[in-house]
Amino acid sequence: MKPTTKVVKTGIATCLLTALTMAGAPQSVAYGQNLEKLTVRFTWKLKGEYAPLYVALDKGYYEAEGLDVQLSEGNGAQNVLKALAAGTESFGYGPAVAAAQAVSQGLPVKVVALYQTSAPMGVIAFPDTPLKNPKDLEGKRLAISVGETFGDMIRPFARINNVDLDKVQLIQMDASARTMQFLTRKIDVMSVYLSNELPQVEKRAGVKFNVLNVTDFGISVLGSSMYVSSAFAEQNPETVRKLLRATAKGYRDAMADPKEAAKIMMKHMLVPEQPDVLDQQVEATVVSTNAPTGKPIGWQTDAGWQTNLNLLKETGAITDIKPLNAYFTNEYLQ
Amino acid sequence: MVAAESGVQIGLRSVSKRYMTASGDAVDALADIDLDIMAGEFVAIVGPSGCGKSTLMMLVSGLIPVTTGAITVGDAPVKGAVSKAGIVFQRDVLLDWRTVLGNVMLPVEIKKLDRETHLKKARDLLRSVGLAEFEEKYPAELSGGMRQRVAICRALVQDPGLLLMDEPFGALDALTREQMNLDLQRIWLRDRNTVMFITHSIEEAVLLADRVVVMTSRPGRIADILTVDLPRPRGAQTRSEKSFVDCVERIRRHFMALGILSET
Amino acid sequence: MAMAAAPAKVGRFRTWLVNSGPVLGIFIVIFLLWELCCRLFDVPDFILPSPLEIIDKMTTSWWLLLVNGLVTAQEIVLGFGMSVAIGIPLAVLVVYSRTFERVAFPFMVSLQTIPKVALAPILVMWLGYGILPKVMVAFLISFFPIVIAAVVGMRSAEKEMIYLVQSMGASELTTFLKIRLPRALPSIFGGLKIGMGQAVVGATVGEFIAAEHGLGYLQLISQVRLDTALLFAAVVVLSLLGVLLFNMVAWAERLALPWNRLRTEMIE
């Protein structure tokens, strides 16, 4: 009798402790009344690229449209897109390339705004390694990882620029290992997003790297975008419009004052980035924003998509190309 | 509840027990057992391994059913566990998580007997076996002999009419065993329960019992029943008395005649 | 046992010192060697931070580590709690029903062999990005050892014990409550200790796959930020958390099983 009672008492104590820890854990802050609640799921962890949305959040643009928006980190584009398709998330923000692949695989998702017509991809090397044009890749060790965009594009890149791939040492490794390997000089060149990793890595290494801008050399992939589950969009067209309108305002403000945007973003970061790195990231982001004159921010073109899809088909990233309206729509931007 | 002074009588008529092994063979553990034990009698059962003495005890306890025949305990036929029986196994089987007193009180709790009176009885029993200071200790802190004494107290606390003991002192060293024999006799003389005591040791049987049942094995049968006429109380010196030695010799010769013991 | 209070306290401290001294000593030696190597070879801090840098990071980011530590702790405790709440009754069913055992065991075993790292992304897809998938992973990874330990424990009652209570007229329920369950407790606690360790792993794996808070998340983001000192700091806090939770189970065991005192292990 006694031991069992003691166990029960201990069990109750544990439950109380659990309740206490639950009370202590961070909860989401915004509890708007009568606001429509939704989440925008980024495909990755917080970086300067996401600043414009934080500007929109901080300045109350979402709230003004009657939306209670939560901006949250995700765990990779594929998983976010799957969550959209499964209906557990409503909006995703990330590389349009991933969405193109998802749509080709039959996932019911759509890109409703394109914030970078061209993903700012580049290849970097330490100052002592010459990197002025693609041919300089020959004889170097290049890291490629699964799902990494440049690695997927390496063949067309080589073809367009007459690079002999046999002379380039391609080393396969996990995405998170690349930076370390590069910094310890185990690999010579590495692809980065110029708006994100470059400032970080440069700060860490304390040097200015040689940069080869991939877009200058014929490879242009669609960059960051807003995706939505097709079903959600059909059922809630006004919500999508409101979200995109408010987001566009955030972009305009960020483009006008990137430093302020960086400050705003810093406030919302649980684990802060170094301020100067964040500044550089935001700068690089706003400079590459898709804001065509006379059109809303994020406006997509048939031509842009077609080129991109052709490229993806060539590399084997997708097997067939569906009608363009399966991939994107501008209707919520109007 | 049956008064402790008068034990219950036991009757076995043409009792047999057959087991089916896993491979499908039949094993006759006991065959044709006829036995009458009187109220308050101390009967020892001696026999070689595998002669079914433990099975016999389990049948009397009602924990396993007979294959043929009938058993009565205190005039009532045995159908299921006999609640009047207090059992002591060779392993003391005390509950590690209960104190000594808690262990002794276990039957009281399970049978939902009156707690006050039986608590007093439990304490008395423990005192009578010299374990009064150990009431609040845990079994892990006691020696083998002490634990077995607790087991005996546990069997006795419920005022059983019948005490069934299956080689209770078999796991103890020789000196402790001798002491326990005397302790058991002292307790039994006070309460006069009916006792069915299984043992390998002829000396132990003769020292303790009124009658000794000699069994043979395969299948287990009663070969003979011998009366022990020695006066009580039997003490430490009894073992050297001529009458004791003669009795033991008689039984030993019996086993030799049965082929269970041999000189060669 | 008339002893003045002061000498008794000194005696206990001395005993603690003697017991824990060697372990502490080893830690200090490793600490010093590590610090030395970092300085001598001028190791960049994003590859291997020195112990002092890690400690510095821990003190400056203590709030961050604490808050995220609580989040992970919550996931672990909930997942572990689920394992106990579901595992023990399941074990009872296995012990008392042959049919159930035959049906349920293959399922449990195959569930156990699926690497949770593979299962986690699927759980995230179904359960969303909240706390639930992490709790589920912690649950799935910790429940099997608990079930097994409970089954083994409950089956370990010697047959004489069962005979004894049966002869006293105990019902099946009484036999279970008074004999099988208490008898099973030492084994169950063994399973709980293992399960707790597993739950820690499970929650962390869950966080690696998808999280916005927690020590596993901190480990991920510190890699993204190339803040290796934070990575190490998070690992240190995680292991301290694991030790703390393990000790809580051991302490609960001491409470529940006072008679088993000599045999319970605790990490001091």
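The centres of domain 1 and domain 2 of chain A, taken over C-alpha atoms, lie 25 Å apart in this predicted model. The bounds of these domains come from an automatic or database domain assignment, which gives domain 1 as 36–118 + 222–333 and domain 2 as 121–217. Residues are numbered from 1 along each chain as its sequence is written, and chains are lettered from A and ligands numbered from 1 in the order in which they are written. Because the model is predicted, local features need pLDDT of at least 70 and side-chain atom pairs count only at pLDDT 80 or more, while totals for chains, interfaces and linings use all residues.

The contact between the two domains takes 18 residues from domain 1 of chain A and 12 residues from domain 2 of chain A; two residues are in contact if their C-beta atoms, placed from the backbone, lie within 7 Å. On the side of domain 1 that touches domain 2, helix H12 (275–287) and helix H13 (302–315) of chain A are the elements that give two or more residues. H12(A) provides the largest share of that side, six residues. By class, this side of domain 1 has six nonpolar, eight polar and four charged residues. Here Ala, Val, Leu, Ile, Met, Phe, Trp, Tyr, Cys and Pro count as nonpolar, Asp, Glu, Lys and Arg as charged, and the others, Gly among them, as polar.

Chain A as a whole has 13 helices and 10 strands. Helices (H or I, at least four residues) and strands (E, at least two) are DSSP runs, numbered from the N terminus. Of the 334 residues in chain A, 45% are buried, a residue being buried if 20 or more other C-beta atoms lie within 10 Å of its own.

Chain A also touches chain C, in a contact that takes 30 residues from chain A and 35 residues from chain C. Several helices of chain C each supply at least two residues of its side, including helix H5 (116–127) and helix H8 (172–209). H3(C) gives the most to this side, with nine residues. The residues on the side of chain C divide into 28 nonpolar, five polar and two charged.

Within chain C, 21 of the 24 residues of H6(C) are buried, so this helix is largely enclosed by the rest of the structure. A kink of about 35 degrees lies in H6(C) at Phe143(C), shortly before the proline Pro145(C); the bend at a residue is the angle between axes fitted to the seven residues ending there and the seven starting there.

Definitions and conventions:
A residue is buried if 20 or more other C-beta atoms lie within 10 Å of its own, exposed if 12 or fewer, and partly exposed in between; C-beta atoms are placed from the backbone.
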